[in-house]
Protein chains: 2
Amino acid sequence: MEIVSQHACFGGLQQFYRHHSNEIGLPMKFSVFLPPQARQGQVCPAVFYLAGLTCSEETLAIKAGAQRVAAREGIILISPDTSPRGAGIPGESDEWDFGVGAGFYVDATREPWRSHYRMFSYITCELYPLMVERFGLDRNRVGIMGHSMGGHGALVLALRRQDLFRSVSALAPIAAPIYCPWGETAFTRYLGDRVENWAEYDATELMKRCDHAPYPAGILIDQGLDDKFLAAQLNPHMFEAACAQVGQPLTLRRHRDYNHGYYFVSSFIEDHLMHHAGQLQRCP
Amino acid sequence: MEIVSQHACFGGLQQFYRHHSNEIGLPMKFSVFLPPQARQGQVCPAVFYLAGLTCSEETLAIKAGAQRVAAREGIILISPDTSPRGAGIPGESDEWDFGVGAGFYVDATREPWRSHYRMFSYITCELYPLMVERFGLDRNRVGIMGHSMGGHGALVLALRRQDLFRSVSALAPIAAPIYCPWGETAFTRYLGDRVENWAEYDATELMKRCDHAPYPAGILIDQGLDDKFLAAQLNPHMFEAACAQVGQPLTLRRHRDYNHGYYFVSSFIEDHLMHHAGQLQRCP
């Protein structure tokens, strides 16, 4: 685990790391923002942030304006890259919505993807324990959030690994990937033709299977109504219906005029970090 | 004047424009953030932001996190590109610190630069009046700030055009370009060998020539002490001495650990916008 660069920011430290991932079988990068409280030795709550298509471990740090709030609230921010890079699979960089930059937070089961494209296990079984070990995360105070493809990832990881995450939120998530072109394309190629194998990576299907609310304190989702991907790709109403069916409290806010990008994300990131801060707060 | 794109952001509107510039003789781009108050028809104070080497009209909007404060305080943010693009001068893109992305906010007098590289006149004589005309700026409530090369630009424009600007601040400015390699290289090629022709673009020299404090309410400068360009290129102490000589109030804050980039800029942008808001406030 090697520091690529680090930068003082709002009294904390924005760090970029590279390490060899056993799950991925390649070097992987991630970013960590340490608030001043963590630098002073306090055990702080942490939030994983999963980024969207074409993004990287740098996107949150550069574009979201999250460090100000994280510094004030004493939250550690951890953001992994969005896919393996350098696997050498022919054509892996040819499409912006599949392959490099588009790992969809799944463990691929099909060739030629299955040996490297294992973002689900990378984050849950390797990066998370590494963060606990190196930064002393309190496993009872870790949340997860994400944007777009990363919103899908955050919801899926939170629903499948409730042992790891205590709070979850998403910005413009791909909320029912089975039922949208992005998800169909990616899941067919990463997971194969059999749709029954896709459900474990679909937040709406996972929620429907719950016999009680998995996050009783509530899930927060923000969605822009001028988002060009909303109608065809995102389907927040399907996740909303699944939450209602299960009795899962959901705050789904629909915002007129906002589109899909980081001008939207940055406008609402403070609300998301406060959502996590509120749910993760405990006496020290 | 054509809108390239616009995005809802913090209740305001982040816009990107392209227009034909008569001063530059080429199309130029700039960005405007309109706070909610401006969209509702209020006349708002405005701050021009000049970006640094390699940056563009997008940099402030993407990296600085300024819209949140501008939306709260009702400030219009205007940020031009950092040089002409597409002039077709051989080698103009070969160096990151000269030519494209490095206009140094001067009007070049030497071939082959002098017909297009006219950023000083572009901003003061063309973009500023255009903004007054199109966005109804109140000429008594316009400030200017910048980062690095843009900090140099902001100080120079503010000192030479006190009729246009009422407040000025800078983050890690090239504060005495005559006495640093970046400035020597750029001014030699844009302005020629005669150093006496450079002084009108050197904030420290311009300040020394003042017979009274040009900004009696004070100038704000922030500087990181872990900035790798500080020792060789920036020279804030020379500007500080010139201010002292003239009686110009200057708040020059030196910050341990901070470097030259936008993790530094974003950490202190709120203080700068509040500096301008305080000096530009007037009864409506």
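## Close-up views of a predicted model

**Figure 1. Two neighbouring strands of chain A run antiparallel.** In this predicted model, strand β2 (residues 12-21) and strand β3 (residues 26-34) of chain A are paired in the antiparallel sense, with 9 bridges between them. To find one of these pairings, look for Arg18(A), whose bridge partner in β3(A) is Lys29(A).

Figure 2. Helix α5 (residues 149-160) of chain A lies across β4 (46-50), β6 (142-147), β7 (167-171) and β8 (219-224), and runs at about 150° to β6(A).

**Figure 3. The open sheet of chain A contains 9 strands.** From one strand to the next, the twist averages 15°.

**Figure 4. Helix α9 of chain B has a buried face.** Within helix α9 (residues 236-246) of chain B, the buried residues are Pro236(B), Phe239(B), Ala242(B), Cys243(B) and Val246(B). Viewed down the axis of α9(B), these buried residues fall within an arc of 120°, so they line one face of the helix. They pack against α5 (149-160), α7 (203-208), β8 (219-224), α8 (230-234) and β9 (250-255) of chain B. On the face turned away from the buried side of α9(B), you will find the exposed residues Ala244(B) and Gln245(B). Just after α9(B) comes Gly247(B), with a positive phi of about 85°.

**Figure 5. Gln223(B) sits in strand β8 of chain B.** Gln223(B) counts as buried because its relative accessibility is 1%, under the 20% cut-off. Leaving aside residues up to four places away in sequence, Gln223(B) touches several others, including Ala172(B), Pro173(B), Leu230(B), Leu252(B), His255(B) and Phe264(B).

**Figure 6. A cavity is found in chain B.** The structure holds 1 cavity of 30 Å³ or more, and about 40 Å³ of space lies in the largest cavity. Among the residues lining the largest cavity are Gln14(B), Phe33(B), Leu60(B), Gln67(B) and Ile78(B). At least two lining residues come from each of β3 (26-34), α2 (59-63) and β5 (76-80) of chain B. The largest share, 3 residues, is supplied by β5(B).

Key. Residues numbered from 1 in each chain as written. Chains lettered and ligands numbered in written order. Predicted model: local features only at pLDDT ≥ 70, side-chain atom pairs only at ≥ 80, totals over all residues. Heavy atoms only, no water. Pairing = 2+ DSSP bridges. Helix = DSSP H or I, 4+ residues; strand = E, 2+ residues; numbered from the N terminus. Axes fitted to C-alpha atoms, helices over the stretch in contact; angles between N-to-C directions. Contact = heavy atoms within 4.5 Å. Buried < 20%, exposed > 50% of the residue type's maximum accessible area, 1.4 Å probe, protein only. Arc of directions from axis to C-beta. 1 Å grid on protein atoms, 1.4 Å probe; cavity = no way out; pocket = protein on both sides within 12 Å on 5 of 7 lines; lining within 4 Å. Points joined across faces, edges and corners; volume = space filled by probe spheres on them.
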